[in-house]
Amino acid sequence: MSPALSILVIDDNHIRASIIEQGLHDAGHFRVILVHEMDGLVRRIAEIDPDVIVIDLENPNRDKLEHMFQVTRAVQRPIAMFVDQSDAGSIEAAVEAGVSAYVVDGLKKERVKPILDMAISRFRAFSRLTNELAEARSELAERKTVERAKGILMKTRGISEDEAYRLLRKTAMNQSRKIIEVAQSLVIASGLLEE
Amino acid sequence: MSAGTLDSVVAGYIPLLDSALLVIASTYGFAEEQGIDLKLIRETSWANIRDRIAVGHFDVAHMLGPMPIAASLKITTLAVPMRAAMFLGLGGNAITVSNALWADLQGEGAAEDGEPRATGEALASLVRKRADAGRHPLRFGVVHPFSGHAYELRYWLAGVGIHPDRDVEISVLPPPLMPDALTMHQIDGYCVGEPWNTVSVLSGRGRIVTFKEAIWPSSPEKVLGVTESWAARNPDVLHRLIQALKNASDWCALKENATELAQVLARQEFLDCPAEACLPALTGRLQLGKTGPEVEAEIFKVSGYGAQLPNPHHGLWFYSQMVRWGQAIYSDEDLKVVQHTFAPDIYSSAMGLAPLTAGRADLGFHFFDGLEFNPENVKGYIDGFKIRS
């Protein structure tokens, strides 16, 4: 069996990054590293020496990454963008979903494609859910989101409505966030995990 | 004309001054006048521009001149045959350094007025002294490996005896992030399009040391990139779009419109920068430092056939630098591909010009170091460079 692939996920959206990480774990990939901070990115990549890099297209550092991959002294092994010319559809799907992948030279495409496909489906699901949430972001919708979050907690944790609300509030306070933000994350995450 | 009858064209762009023709064509009705609904999408990286035009999300895009060449030569990822259908302007770039580096350069006799040779020689002397003292090499930022910026910076450095790969470090950053990277000491200088030089100057964070017009006068910068297949499928729409951009350029070129143009470009939805940062390049008065001096030069030109008609010879010069710096391996076949990518035929027919109005070569190639570029002997030109990868 081939050695486990190390996968670097570069995404400053913490929720989306965690969702991809979870998906990769579920698919049996355990060497997953998340990077949110762009400072010292080049050095981090040299240290981690990943087999596959997944990056979101909103990230302004793509040009810098590609330049770094060209200047081989910065990385130990040549890295190129994942381009499988026989499968133009999957490139389009990736760009459509807002994600791109870079792969070290010599990796077989059969090993990489499932990773890219997974990232694409998670990105799509994430943007679908965030769009739905954005559309419904009125005060009423916020209250409904909190209600949904409470319902999820009651169901998954087997706790009362009051306890569910207190858990949301405590989590929000501990992280210096608003209750609605915590509730939104919870609703998005649980929606994705049901996929 | 009702919206239903307009042809939709989606264009990707990067927030830079030379997106002006697209912005004005779209917001001031020049596109609509030609029966086009021009939708602009701001992007965060040139890689996204390349990918999204390759997969067909964008019909056309604001692109760095060398990008369609790299795509047609298949030396970039997601490479599809492309054309530079028109130039979106000449000039517009400058090289800005940190205040600390400027103080050092003044100590070495740098020119105050942006003259590239004296400033370059001051830099070369400083680079040698720093190396002797065992100090970290100076770091410069450019916007993309396949860019006029990379080639101009490298040409200037090499022209004064600095090897861009050995004596300094060159990294890549998105244009709007350059001023911050300079302030945070991540880089010592950068080559970028306006307004991202002036933004540093006006806020007292950097000093413009020289500019594109001084290194290579009247040289092309951004182009209207289009895939060969889209151009072939939509010749009429492309012609009308070019006409719209040409009409927009005539509006942009009027000095009395400069303030209004600066205000439109500065909007949050476009460049999202102070309006006064857009003005110097638009009015031809570039302020080099916070307290001056100001140089008067046509550092950014958008109107007239001279600023818009693609010239295969310009493509060949970009190609010569790709080979020089190890991005491409020279071949006679490639010369044909490059000339086709920068061929003037699309623009000429859009404007109803005679097919061979490529009299642009008459403008010549006048580089700051006095070297001649002979488009008939690209190989010999490349071989003549002592400093190369």
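A residue counts as buried here if 20 or more other C-beta atoms lie within 10 Å of its own, as exposed if 12 or fewer do, and as partly exposed in between, with the C-beta atoms placed from the backbone. By that rule, buried residues make up 54% of the 389 residues in chain B.

Before going on, the conventions. This is a predicted model, in which local features need pLDDT of at least 70, side-chain atom pairs count only at pLDDT 80 or more, and totals for chains, interfaces and linings use all residues. Residues are numbered from 1 along each chain as its sequence is written, while chains are lettered from A and ligands numbered from 1 in the order in which they are written.

On confidence: pLDDT is the predictor's confidence in each residue, from 0 to 100. Chain B averages 94, and 96% of its residues score at least 70. For the complex, the predictor gives an ipTM of 0.86 and a pTM of 0.86.

Staying with chain B, its C-alpha atoms fill a box of roughly 65 × 45 × 35 Å along the principal axes. The radius of gyration is taken over C-alpha atoms, and the globule rule is 2.2 Å times the number of residues to the power 0.38. For 389 residues that rule puts a compact globule near 21 Å, and chain B, at 20 Å, agrees. Secondary structure is read from DSSP runs, numbered from the N terminus: helices are H or I with at least four residues, strands are E with at least two. Chain B has 18 helices and 14 strands.

Contact, from here on, means that the C-beta atoms of two residues, placed from the backbone, lie within 7 Å. Of the contacts in chain B with a separation of 6 or more, 77% join residues 24 or more positions apart.

One residue to look at is K212(B), in helix α10, residues 212-215. Is K212(B) buried or exposed? K212(B) is buried, because 27 other C-beta atoms lie within 10 Å. Leaving out residues up to four places away in sequence, K212(B) touches G91(B), G92(B), N93(B), A94(B), E152(B) and S219(B). W156(B) is 56 residues from K212(B) in sequence, and their C-alpha atoms are 9.7 Å apart.

Now chain A. An automatic or database domain assignment divides chain A into domain 1 (6-131) and domain 2 (136-193). The C-alpha centres of the two domains lie 30 Å apart. Their contact takes seven residues from domain 1 and five from domain 2. On the domain 1 side, α1 (14-26) and α5 (109-135) each supply at least two residues, and α5(A) has the largest share, five.

Next, the interface: 16 residues of chain A are in contact with 18 residues of chain B. Which elements give two or more residues to the chain A side? They are α3 (62-70), β4 (79-81) and α4 (88-97). The largest share, six residues, comes from α3(A). For residue classes, Ala, Val, Leu, Ile, Met, Phe, Trp, Tyr, Cys and Pro are nonpolar, Asp, Glu, Lys and Arg are charged, and the others, Gly among them, are polar. The chain A side then divides into seven nonpolar, three polar and six charged residues.

Last, D56(A). An unreviewed UniProt entry lists D56(A) for "modified residue: 4-aspartylphosphate"; such annotations may be inferred rather than shown by experiment. D56(A) sits in strand β3, residues 52-56, and is buried, with 21 other C-beta atoms within 10 Å. Not counting residues up to four places away in sequence, D56(A) touches D11(A), N13(A), G98(A) and V99(A).
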